[in-house]
Amino acid sequence: MIRSAALLAPFFFSLTLLTAAPAENKTPLPEVPEVLKAAKATLADKKPEGLSLSVESKTPLTAEQWEAIATLHARAFSFAGAALDDAGMQRLVALNPEAVTVNGSSVTGAGAAKFGEMKSLKTLHTLHVTRPTPEAKAALSTHPTLETYSTDGAFCIEAVTAPHLLHVDMKHGGASDNFVALLKNHPSLESVRLWNKGFATLSDAALASLVTIPKLNKLSLEFAVFTYAGGLNRLKELPNLAVLELKDVALSDEDLAKLKADLPKVQITFTPMTAEYRAQWDGWAAKKK
C-alpha cells in the first residue's frame, strides 16, 4: 500500500487505483493536480476496475477542479459534503462513471435526473440526502445499466424500479412500507436489504410486496417487528429464496418455528430485537397513529 498526504484544506480527496495485476506490477498512481489539494492516495484491488476518486468539500467543486478531475480518468466517484451540486452533475455525466456515491449534497431532483444520462452507471449509493426527487423518476426508473442501489431516504428512490437492478439496500427512513411497495413485481432483483434502524416505518405490510419478486434469493430484514400471520407466512411464495436474515427483529419463538417449518431449504439466521430497542420502536409506532 502506498500513501501520501498533505495538509491542504478544505478539500479532502482519496484516490484508489484498482487492478487485477500482482501488487508489484501495479501501475503507479497518477500525479494529483495541484488544484485538487490532494490529501491522501491509496492502492487497492477492488471493483470497479480503474481509478476511484473520493471528494469531500464544504463548497461545490469549481469548473477548474472538475477539469482537473477529468484528467484522472476515474471510473468510480464518491462525493461528500457540498462537493457535488447540480452544475457538477452535468460535469459528472461527461466522465461516464460506473459507480457513484453521494453522501450529503445540494443536488435537486433536476440534478438527479442526470444520472439517467450516465450510460455506464452500475452502482449508485445515496446517504444523508433524504429530499424527494420526482423530477428524476423518468430517468432513474428506466436506467439501462444500473445494478446496485442503496438509499436512506427519498433521494433518487425512483431507481428501485430500474429494470436491470439486482441489489437494493434501503436504510433508516428509506426502509418503509411505502418505498418497498415500489419493488412489487420487479423482474430482476436478486437481493433486498431493509435496515429500518431509528424508524418504525417497516411492518408486515411490506412483505406483500416482497413476495412478488420472482428472482429474489436473499432477503435481509433488520430492526423491525414482524409476525407470521401478518406476512412472514407468505415468504414461502418466493420460489428462489435461499437466504433469509432476520437481524434485531421482534419475532416470537412460536412464529419463528412456523417460519422455519415453511422454509426448510432456506438458510435462516435470526437475532432478536433487544427490549430496550423494542421500547423505542413502540414509541415511534405510537406517534404514527
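Modeller: Asp 262 forms a salt bridge with Lys 236, with the closest N and O atoms 3.7 Å apart. This pair links distant parts of the chain. Asp 262 lies in helix H7 (residues 253–262), while Lys 236 sits in the loop between S10 and strand S11 (243–249), 26 residues apart. Keep in mind that the model is predicted. Asp 262 is partly exposed, at a relative accessible area of 24%. Lys 236 also counts as partly exposed because its relative accessibility is 46%, between the cut-offs of 20% and 50%.

Helix H7 holds another pair. The side chains of Glu 254 and Lys 258 meet in a salt bridge, 3.6 Å from N to O. Both residues lie in H7, four residues apart, about one turn of the helix. Glu 254 counts as exposed, with 54% relative accessibility. Lys 258 is partly exposed at 35%.

Arg 193 forms a salt bridge with Glu 222, and their closest N and O atoms are 3.0 Å apart. This pair, too, links distant parts of the chain: Arg 193 is in strand S9 (residues 191–195) and Glu 222 in strand S10 (residues 218–222), 29 residues apart. Arg 193 is partly exposed, with a relative accessible area of 28%. Glu 222 is buried, because its relative accessible area is 5%, under the 20% cut-off.

Terms used: Residues numbered from 1 in each chain as written. Predicted model: local features only at pLDDT ≥ 70, side-chain atom pairs only at ≥ 80, totals over all residues. Heavy atoms only, no water. Salt bridge = Lys/Arg side-chain N within 4 Å of Asp/Glu carboxyl O. Helix = DSSP H or I, 4+ residues; strand = E, 2+ residues; numbered from the N terminus. Buried < 20%, exposed > 50% of the residue type's maximum accessible area, 1.4 Å probe, protein only.
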